[in-house]
Amino acid sequence: MKLIDIVDEERNFTGEVMDKDETHDKNLLHNEVAVFIINDKDPWAIYCF
């Protein structure tokens, strides 16, 4: 379980903290960044941070 902070439309924290899956299920806004690095020499090597 990963807890994340909920934000409003202006990226202000609402004070709510919720499980990431529940946040996505309810389509709530939250700050999150996904970075994918793809290795051209090995197309199956994908790194996510």
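Start by selecting Val17, which sits in strand β2 (helices, H or I of at least four residues, and strands, E of at least two, are DSSP runs numbered from the N terminus). Before going on: this is a predicted model, where local features need pLDDT of at least 70, side-chain atom pairs count only at pLDDT 80 or more, and totals for chains, interfaces and linings use all residues. Numbering runs from 1 along each chain as its sequence is written, and side-chain values use heavy atoms, with hydrogens and water left out.

Val17 is partly exposed at 48% relative accessible area (buried is under 20%, exposed over 50%, partly exposed in between, with a 1.4 Å probe and protein chains only).

Now show β1 (residues 3-7) alongside β2 (residues 13-19): they pair antiparallel over 4 bridges (pairing takes at least two DSSP bridges). Leu3 faces Asp19 of β2.

Next, click Thr23 in helix α1 (residues 20-25). Is Thr23 buried or exposed? Buried, with a relative accessible area of 0%. Leaving aside residues up to four places away in sequence, Thr23 touches Ile4, Ile6, Met18, Leu28 and His30 (contact means heavy atoms within 4.5 Å).

Last stop: Glu32 and Lys20, a salt bridge with its closest N and O atoms 2.9 Å apart (the rule: a Lys or Arg side-chain nitrogen within 4 Å of an Asp or Glu carboxyl oxygen). Glu32 is in the loop between α1 and β3 (36-38) and Lys20 is in helix α1, so the pair ties together parts 12 residues apart in sequence. Then pick Lys26 and Glu22, also a salt bridge, at 3.0 Å between the closest N and O atoms.
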